[in-house]
Amino acid sequence: MKKKSRILKIAAAGILALSMLPLTGCHPAPEQDVKTINVAVIVKDMNSTYWNPVWSACDDLQAELGNSINILKLGPQEESAEAQIPVIQDAINQKVDAIVLAACDPDAENEVLAEATAANIPIITIDSDVTYEGRVSYVGTMNKNAGESAARCAADLLDGEGTIGVIYHGTAATATERCDGFLNQLEGKVEAPPEMAAGSGSKQNNSLPEATDEAGNPIQQESETEAMVSYANIKIAEVLDGKSDWEKSKEQAEKLINDDHVDLIFATNRKGAWGACEAITELGKQGEVYVVGFDYFENDGKNAEMYLSKGILNTMIIQNPYNMGYLGVRYAMEAAKGEPIPSLVDTGAVLVTADNINDSDVQFLINN
Amino acid sequence: MAKKGKAFDLSLRRDKTIRRVSRMYGILGVVIIFVTLITMLAQNFVYVQTKNTLERNLSSVQTVSNIQQNFDDVNENVLLLISSLGTPEIQRVAEEVGANITNDFANIDKYSEEYKTLNASSGDDLKRRFNHAEYAIAAYRRKINEVNQELGTLTHDSGMNIYNQELAPLQITAAEMLQATIEIGTKFGEEQTYRSKNIRGWAQGSLTILLVATIIFLFFIGRSQINSIVEIRQKEQELTEAGNRLTKSKKKLMDSAMTNILTGMKNRYALDESLSQLIGNAQFNIAVFDIDNFRMINDMYGYEFGDEYLATVAERLKEEYSEYAEMFNISGNEFCMVFYEHVSDLQAQQLSEQIRQGIGQPTMVANIPVQTTVSSSLYHYLPSDNLDVNTLLMKMDSALHAAKRDGGNRMYQIQ
């Protein structure tokens with residue numbers, strides 16, 4: 001009995017000592033105050049490796065931001081609006097705080113996106129934009145701009161004279177926009193480019209300062225309509241659909257080479273570029289016909305770098321899906337907190353040639 | 001002997017306990033000092049480490065912020081250059097801006113190197129994000145160089161196009177990555193501060209708990225040890241007392257075994273004991289007295305009466321002859337006297353006769369006068385007789401029986 005009461009006393013003393021713990025040691029964890037923001041990132045196709053850089057950006061952000069963010073990686077098993085709509089619906093039902101979407105179709109998903117807006121969930125599109133006006137921001141390549149850059153590059157390559165064939169990839173918005181940009185630039189129908197919004201990290205105003213002379217008076221700018229290379233002698237032969245299939249694209253490229261005797265093929269996606277490179281190789285037209293195409297490709301032991309080194313693929317326009325994912329989710333977080341974000345963020349496209357492919361930043365881009 | 005042994009064991013145990021307690025206190029004291037020292041050293045180590053990490057972190061965030069400032073400056077200069085395209089001032093602006101941009105990039109390179117040396121211990125997240133920022137800056141820088149080379153062929157509009165379509169995206173990306181780097185760095189610093197505060201808090205807390213717990217532990221242990229010492233002492237005392245009681249009761253038991261309860265005289269065993277001491281050592285006189293026909297008294301008045309009579313006789317004998325002889329009541333009505341050394345043989349003979357007659361004197365028991373006759377035998381023992389106790393007593397008995405056989409009321413002296 002005596003022994004029992006002694007144990008009880010010791011236990012009581014222990015409890016007393018433990019109760020002093022909060023007085024001495026603990027500080028409230030700062031993380032506890034942070035609300036976790038749930039962001040759904042919805043891609044076009046869960047099975048495509050194209051989205052790997054987006055996922056890796058998500059993983060990096062998750063690691064960097066810790067428990068202040070929870071990223072849900074979602075997407076349909078095949079690339080179609082019909083399959084993607086239920087995924088978006090699911091995300092809305094889960095009451096996520098923001099949706100980052102790479103839309104399969106620019107128009108078909110507008111209805112479900114309106115539901116998200118009604119549920120107070122901001123939508124940020126990446127890679128492929130939608131026509132829905134309620135989306136807060138688009139983060140990705142300005143495909144029209146990229147098309148125009150490709151056109152300038154093609155004109156430079158042909159030195160202002162030659163025939164160009166175009167292979168686009170079906171009805172995708174990216175195909176239409178790249179094509180439009182490319183053709184409009186060459187046909188001299190380029191509209192005034194949209195004013196770019198500054199990144200949130202940049203403290204300065206990106207709008208052009210007015211040029212002044214030494215006395216501080218505004219300088220009268222010369223009216224300038226002439227392009228640096230004249231496009232007058234550049235002819236567009238045909239614009240053909242490669243249907244986002246490399247064999248179909250190859251077929252169309254052969255047609256352009258044999259029937260239209262083109263000097264350059266512009267391909268709006270990787271499958272088109274790959275088909276065109278294959279066609280040139282098979283027809284033995286190296287050094288006569290060049291390819292300017294979008295995106296890095298690697299298939300069947302052949303890759304874009306190989307064709308670049310052979311001089312068949314002259315310029316590869318590489319987008320930055322990692323940055324789309326990274327900036328898209330970052331902006332989504334800010335939008336979820338109710339902070340203002342730019343409505344258009346161009347993640348840019350890099351024109352990769354044999355000259356710069358070995359630059360560290362280009363390699364970094366390819367390998368990310 | 002046994003009692004002493006027990007006491008010795010107990011005190012030994014008490015000493016052991018005291019030694020054990022003091023040893024334990026010593027060890028605990030050393031442990032407390034050791035733990036306190038370790039905790040203090042650990043705290044100091046954590047503090048120094050954290051301080052260094054935080055200082056490095058602060059410097060690296062400052063360095064990235066310097067890069068950001070220079071980078072923004074580059075962009076301002078590029079915009080100035082683009083806006084001057086197609087004006088007569090282009091040449092002057094290009095030179096000025098070119099020098100500024102070169103200077104800014106030199107600074108960026110310098111800060112990048114500085115950052116890398118500072119950044120050695122920071123987290124992977126921070127390194128990776130800075131890597132992205134660095135590559136974005138590199139891409140922007142390359143594009144600026146390309147534009148610079150084509151500067152002569154650019155118009156205001158085509159320059160604007162290139163800026164908006166190619167330079168601005170790279171600039172935005174780089175700016176965002178730099179901003180993200182600063183944010184991660186700041187967060188990392190906050191986490192470090194929090195962690196170090198937490199670690200120090202825990203260290204202080206656990207030290208306090210440890211000290212409090214040890215003091216409480218010592219208090220209880222000390223108390224329980226003191227209790228056990230007190231208990232041992234009490235038990236020791238109790239055992240000593242129990243030992244004493246045991247000795248007394250043993251003596252009592254011995255006494256009762258050697259004494260006739262009725263008469264209070266020593267009994268036959270005591271006689272054996274006394275004789276065995278004397279035989280072979282000294283000469284002495286011994287006499288045995290037996291009341292004749294004592295059974296008749298018992299038969300006539302009852303045993304209680306007989307007992308009362310014997311007790312009265314014994315009392316009288318003790319009163320009158322204690323100084324001359326050691327007296328024994330060896331059976332109901334049989335008395336034995338072993339005369340002391342100072343009593344001579346003749347005196348012993350006279351006293352024996354006197355006693356024999358004295359016993360038989362009329363005695364009042366419950367107002368009834370009782371008178372008896374007594375037979376006796378007397379033996380003058382010499383060491384040279386070579387008798388053992390039994391043989392001696394048998395001799396005495398047979399002499400007594402002879403006296404009784406001859407009519408009683410007489411004394412036979414054994415020759």
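Predicted model: local features only at pLDDT ≥ 70, side-chain atom pairs only at ≥ 80, totals over all residues.
Trainee: Where should I start with chain B?

Mentor: Chain B has 9 helices and 7 strands. Of its 415 residues, 31% are buried. Among its contacts between residues at least 6 apart in sequence, 77% join residues at least 24 apart.

Trainee: What span should helix α9 of chain B have, and what is the distance between its end C-alpha atoms?

Mentor: The expected span is 1.5 Å times one less than the number of residues. Helix α9(B), residues 389-405, has 17 residues and should therefore span 24 Å; its end C-alpha atoms are 24 Å apart, which agrees.

Trainee: Which residues of α9(B) are buried?

Mentor: The general idea comes from the helix repeat. An α-helix has 3.6 residues a turn, so residues three or four places apart point the same way. In α9(B), the buried residues are Leu393(B), Met396(B), Ala399(B), Leu400(B) and Ala403(B). Seen down the helix axis, the buried residues of α9(B) fall within an arc of 120°, so they line one face. On the other side, Asn390(B), Thr391(B), Met394(B) and Arg405(B) are exposed.

Trainee: What covers the buried residues of α9(B)?

Mentor: The cover includes three strands of chain B: β1 (284-291), β6 (374-381) and β7 (411-414). After α9(B) comes Gly407(B), with a positive phi near 110°.

Trainee: How does α9 of chain A read by the same steps?

Mentor: Begin with the span again. Helix α9(A), residues 270-283, has 14 residues and should span 20 Å, in agreement with the 20 Å between its end C-alpha atoms. Then look at burial: α9(A) is mostly covered, with 11 of its 14 residues buried. Among them are Trp274(A), Cys277(A) and Ile280(A), along with Arg270(A), Lys271(A) and Glu278(A). Gly284(A) follows α9(A) and has a positive phi, near 65°.

Trainee: At what angle do helices α4 and α5 of chain A pack?

Mentor: Angles under 35 degrees count as roughly parallel. Helix α4(A), residues 81-93, and helix α5(A), residues 110-118, pack at about 5°, with their axes 10 Å apart. The two helices α4(A) and α5(A) are therefore roughly parallel to each other. The contact is made by Ile85(A), Ile88(A), Gln89(A) and Ile92(A) of α4(A) with Val112(A), Glu115(A) and Ala116(A) of α5(A).

Trainee: Which members of the largest nonpolar core touch the most other members?

Mentor: The largest core has 142 residues, and Val39(A), Ile42(A), Ile99(A) and Val100(A) touch the most other members. Its largest share, 14 residues, comes from helix α4 (residues 156-258) of chain B. Beyond its neighbours within four places in sequence, Val39(A) has contacts including Ile69(A), Ile71(A), Val96(A), Val329(A) and Met333(A). A second, separate core of 39 residues includes Val288(B), Phe328(B), Tyr379(B) and Ala403(B).

Trainee: Where is Ala366(B) placed?

Mentor: Ala366(B) is not a glycine, although its phi is positive, about 50°. Ala366(B) lies in the loop between β4 (363-365) and β5 (368-370) of chain B. With 11 other C-beta atoms within 10 Å, Ala366(B) is exposed.

Note on methods. Residues numbered from 1 in each chain as written. Chains lettered and ligands numbered in written order. Helix = DSSP H or I, 4+ residues; strand = E, 2+ residues; numbered from the N terminus. Buried ≥ 20, exposed ≤ 12 C-beta atoms within 10 Å, placed from the backbone. Arc of directions from axis to C-beta. Contact = placed C-beta atoms within 7 Å. Core = buried A, V, L, I, M, F, W, Y, C linked by C-beta atoms within 7 Å. Axes fitted to C-alpha atoms, helices over the stretch in contact; angles between N-to-C directions. Parallel < 35°, antiparallel > 145°, perpendicular 65-115°, else oblique.
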